[in-house]
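Take a look at the fold below. We will go through a pair of helices, then a sheet.

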Amino acid sequence: MTKLYGTSRSRSARSLWALEELGVKYEHLPIATTEAKSAENLKRNPNGHVPVLEDDGVVIWESMAINLYLAEKYGKNSLWPPEPAARADIYKWSFWAMTEVEPHLITLLRNRVMHPPEQRDEKAALAAIEALKAPLNVLESSLKGREYLLGKNFTIADLNVAAVMSWVPMMKLDMSSTPNVQAWLQKCLGREANKKVRGLK
Ligand SMILES: N[C@@H](CCC(=O)N[C@@H](CS)C(=O)NCC(=O)O)C(=O)O
């Protein structure tokens, strides 16, 4: 039995997208972020966060760890290529998205969308946009001449990076200087599995 805890309006969307993409049968328990620190959820994840995956008795937290586990267990050759070098690329891009991109996007999201207007810090938002330029340029040149991060095929690396960047359209970031990123992100986010997840609770 596979269960995914966490509303699709949280980082849980990443793992729901992976489950959908991999065709895994699962039960979705859409617990809200406001319930993430409930006694029940703290038993599953002592950090008091979602998502949490339960898969045949294995309990995993951290969205990227969940997705890498799912890809390895259910991914065969498509989302999870067999070559160690390709897998190293997958780890590289997944950790890169979490460390080089996500913190700046979160700052931007908080100060442009999530916080009530009187608590927003426009200076912090502008600094985050500035800080995003370097990683976005790295992504732009890495995508030059290729369909996806590892080449011709969509892999869990694309899913993980695109899922982190799925907040970009909402924030109307100017992406005109990174057309490869823009096209790639649109292609990844437009996948049926992701569209299905965005309609979940
Ligand atoms: N690094 C963690 C972050 C998880 C996280 O912060 N989740 C948020 C929702 S997006 C949450 O549970 N917030 C509620 C809380 O911390 O009380 C991951 O990627 O899984």
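**Two helices side by side**

Helix H4 (residues 84-114) packs against helix H6 (residues 156-164) at an angle of about 5°, and their axes are 9 Å apart. Helices (H or I, at least four residues) and strands (E, at least two) are DSSP runs, numbered from the N terminus. Axes are lines fitted to C-alpha atoms, for helices over the stretch in contact, and angles run from 0 to 180 degrees between N-to-C directions. H4 and H6 are therefore roughly parallel to each other (an angle under 35 degrees).

This is a predicted model: local features need pLDDT of at least 70, side-chain atom pairs count only at pLDDT 80 or more, and totals for chains, interfaces and linings use all residues. Residues are numbered from 1 along each chain as its sequence is written, and side-chain values use heavy atoms, leaving out hydrogens and water.

Which residues in H4 meet H6? Among them are Ile90, Trp93, Trp96 and Leu105. On the H6 side, the contact includes Ile156, Asn160 and Val164. Contact means heavy atoms within 4.5 Å.

**The sheet**

Now turn to the strands. Four of them form an open sheet in the order E2-E1-E3-E4, with mixed pairing. Two strands pair if DSSP finds at least two bridges between them. Strand E2 (27-29) and strand E4 (58-61) are the edge strands, each pairing on one side only. Neighbouring strands of this sheet are turned by 15° against each other on average, direction ignored.

Strand E1 (residues 2-5) and strand E3 (residues 52-55) run antiparallel, joined by four bridges. Tyr5 stands opposite Val52 in E3. Helix H1 (residues 12-22) lies across E1 and E2, running at about 155° to E1.

How values were computed. Parallel < 35°, antiparallel > 145°, perpendicular 65-115°, else oblique.
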